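Biologist: Before we look at individual residues, please tell me on what grounds each label is given.

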Amino acid sequence: MPVEITWWGHATCTVEDSGVRLLTDPLFARRLAHLRRRRGAVPPAEAAVADVVLVSHLHADHLHLPSLERLAPGTRLVVPRGARRAVPGLARAAGLRGLRVTEVVAGEEVTVREGVRDGVRVRAVSARHDGRRLPFGPHLAPALGYVVQGSARTYFAGDTGLFDTMAEEVGPVDVALLPVGGWGPYLGPGHLDAGRAAQALARLAPAAAVPVHYGTYWPVGMDAVRPHEFHAPGAEFERRARQLAPKVAVRVPGHGERVRLP
């Protein structure tokens, strides 16, 4: 059974595998601090429907408390270990919606559904990113990526830089959801741009890939500052991937578009 990916914008994706819906880094806001959504409608109510929600790190555009409060009661929430201590509002949001919070570190697995053929598990993997709650949060919870292991193996990288042991730590995967940009004109350390994401793709060698984390949010009043960093990363990743990983099928969905992989 193939996996289906819906990209809602930024790092927010629905992964459907073996009848299980997993949601990554939900961000359903029109405005977040100095950022506004420039492309794609705010995701509809159906985007918040999930069996499991995966949060990669504590930055407010990835662990967004108002978005978590849109989840249905009883939804399972997987977060980096230390998240509840570092973000006191997380316990309030989880209690308000009756979310079941599981904290993990790299290497740990969470069973979503039992079964030999149709079981689904989530394995946390390390990332290279400053994942603390900014601007003053302590380093209490490391940034993570996740590998969803069902009928396919889908890697959601969260936010990460390129690192030497990435392929070794992630392991064999069928689909890779890779960040290729950001929400501002300049990417700091601990991020992948289109070129570095294509290098990561060559190392991971999945059957298919989808670029995420670009072309959605941008600082207010900066529309004319390096606009290519907003518009171009998805297409640029696809171009670079043809050069560095020609066997990988790259799909570049629009906001709210569902693609079937591999």
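Modeller: Helices (H or I, at least four residues) and strands (E, at least two) are DSSP runs, numbered from the N terminus, and A224 sits in the loop between β15 (217-219) and α6 (228-231). This is a predicted model, in which local features need pLDDT of at least 70 and side-chain atom pairs count only at pLDDT 80 or more, while totals for chains, interfaces and linings use all residues. Residues are numbered from 1 along each chain as its sequence is written, and side-chain values use heavy atoms, with hydrogens and water left out.

Biologist: Why is A224 called exposed?

Modeller: The relative accessible area of A224 is 71%, and exposed means over 50%, buried under 20% and partly exposed in between (1.4 Å probe, protein chains only), so A224 is exposed.

Biologist: What puts the buried residues of α3 on the same side of that helix?

Modeller: In α3 (residues 88-97) the buried ones are L90, A93 and A94. They cover an arc of only 100° around the axis, which puts them on the same side of α3; the arc is that of the directions from the helix axis to the C-beta atoms. On the other side of α3, P88, R92, G95 and L96 are exposed.
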